[in-house]
Amino acid sequence: MFLKYLISLLYLTHRGTLTLLSPPVNVTVESVNLQSELSWSSVTNTENVQYTVEFRDDHDDWHVLECSPTTSRRCNLTFDVFINAMLRVRAQDGNQISPWSQSRPFKAIDQSLFGPPNVTLWPRPEKGRLDVRIRDPFDRKDFSNVLKYRLYYKKATDSNWTVHSDTLFSASIENLEAGLNYCVQARYVWRGKLRPNSIPSTPKCAIISESENSRTIRTVWVTALIILLTFGLSLMCIFMVNRNYDKFKQALQPPMRMPEHLYKFLSGEEQFLQPPVSSSSSSSSLEEEPLDKISLVTIEYQGGGGGEINLHT
């Protein structure tokens, strides 16, 4: 095949219809989640340059990719992810053509960057369990049995992860403590070993809340404990009051204090009853006091005649 291209190139060059362009440079493959792309750089500034991209595996001839011919400097790779492919690209501008530039061998299943996987959590508080479901950001139908996830979990307050299991899609983490926050992370495993060219999932956390049955039992126990404590404190208070009744009575009794006027009377500082007033003093006081005049009008009737009015002062 190479000899065929060489003979054609020498023939066209000899006839003067073909000159050489500089070949593309920096021919590389970038692949993320099995979405692969071949890219290159051009050493010419001509806008009309077209590029041809070809590939082949270890035991096959060269095949033109669907993107060819193209004026872009990128080409999506759509061949099987298990092919160990050789890729090459050349430039052509009218009757000018460049030599082929070849990339390094590329196998998408081995070299593509995987991840991060999507992790979804479902807490099951009634069973003290956390259900985990994992999804890829790509289609894995061709290798579903050899690519797995290694599941890690830990308490949110811990620093070290604990390995749970290797799984294809889902898993259940059991015997978790209620009321605690647990975090989960998934990493890719290829044929039983951690895949180095991969990104682990972002840690996701969920709280294992207390189940309804456990909450009811706890409420009953707390209520019973409060009742017992209240009853015990009441009995203790009654016992203390009965035992120290006299002390409590003396402490709560107000101080005895005699009214001030009664204290003065008993101490002789003032007389409670005034002495009787003498007759001489009373008569003199009566003479000194002014007297009011009272007039009395009476009517006397005589026989069948009229009455007689008498005025007395």
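1. Start at Ser-98. At 4% relative accessibility, Ser-98 counts as buried, because the cut-off for buried is under 20%. Ser-98 sits in the loop that runs between strand S8 (96-97) and strand S9 (101-102). The Ser-98 side chain reaches the backbone nitrogen of Ala-91, at 2.7 Å. Keep in mind throughout that this is a predicted model.

2. Next, the open sheet. It has 3 strands, in the order S10-S11-S14, and the pairing is antiparallel. Which strands are at the edges? They are strand S10 (118-124) and strand S14 (170-173), each of which pairs on one side only. On average, neighbouring strands of this sheet are turned by 20° against each other, direction ignored.

3. Look at one pairing in that sheet. Strand S11 (residues 129-135) is joined to S14 by 4 bridges, and the two run antiparallel. Within this pairing, Asp-131 stands opposite Ser-172 in S14.

4. Asp-131 also takes part in a salt bridge. Its partner is Arg-124, and the closest N and O atoms are 3.0 Å apart. Arg-124 counts as partly exposed, at 31%. Salt bridges with shared partners join Arg-124, Arg-129 and Asp-131 into one network.

5. Now the salt bridges in general. How many salt bridges are there? The count comes to 7. One of them pairs Arg-88 with Glu-54, with the closest N and O atoms 2.7 Å apart. Arg-88 lies in strand S7 (residues 86-93) and Glu-54 in strand S4 (residues 50-56), so this pair ties together parts that are 34 residues apart in sequence. Both Arg-88 and Glu-54 are buried.

6. Another salt bridge links Lys-107 and Asp-110. Here the closest N and O atoms are 3.9 Å apart. That still counts as a salt bridge, because the cut-off is within 4 Å. Lys-107 is partly exposed, with a relative accessible area of 25%. Asp-110 is partly exposed too, at 41% relative accessibility.

7. Strand S12 (residues 147-155) pairs with strand S13 (residues 162-167) in the antiparallel sense, over 5 bridges. Which residue stands opposite Tyr-149? That residue is Thr-167 in S13.

8. Turn to the surface. Leu-233, Met-236, Phe-239 and Met-240 make a nonpolar surface patch of about 430 Å². Leu-233 has its place in helix H3 (residues 212-243). Leu-233 is exposed, with a relative accessible area of 53%. That value is enough for the label, because exposed means over 50%.

9. Then the backbone. Most residues other than glycine have a negative phi, and most peptide bonds are trans. Some places in this model go the other way, and they are worth checking by eye. Where are the cis peptide bonds? One joins Ser-68 and Pro-69, with omega about -10°. Pro-69 is in the loop between strand S5 (63-64) and strand S6 (74-77). Another joins Gly-115 and Pro-116, with omega about -5°. Pro-116 lies in the loop between helix H2 (108-111) and S10.

10. Now positive phi. Asn-175 is not a glycine, yet its phi is positive, about 60°. Asn-175 is found in the loop between S14 and strand S15 (181-190). Is Asn-175 buried or exposed? Asn-175 is exposed, with a relative accessible area of 75%.

11. Arg-191 has a positive phi as well, about 55°, although Arg-191 is not a glycine. This residue lies in the loop between S15 and strand S16 (193-194). At 58% relative accessibility, Arg-191 counts as exposed.

Note on methods
Residues are numbered from 1 along each chain as its sequence is written. This is a predicted model: local features need pLDDT of at least 70, side-chain atom pairs count only at pLDDT 80 or more; totals for chains, interfaces and linings use all residues. Side-chain values use heavy atoms; hydrogens and water are left out. Two strands pair if DSSP finds at least two bridges between them. Axes are lines fitted to C-alpha atoms, for helices over the stretch in contact, and angles run from 0 to 180 degrees between N-to-C directions. A salt bridge is a side-chain nitrogen of Lys or Arg within 4 Å of a carboxyl oxygen of Asp or Glu. Buried means under 20% relative accessible area, exposed over 50%, partly exposed in between (1.4 Å probe, protein chains only). Patches are made of residues with over 30% relative accessible area and no salt bridge: like charges are joined within 9 Å, nonpolar side chains (Val, Leu, Ile, Met, Phe, Trp, Tyr) within 5 Å. Accessible areas come from the Shrake-Rupley method with a 1.4 Å probe; for residues, only the protein chains shown count as cover. A polar contact is a pair of N or O atoms within 3.5 Å; within protein, one must be able to donate a hydrogen and the other to accept it, and residues adjacent in sequence count only if both atoms are side-chain atoms.
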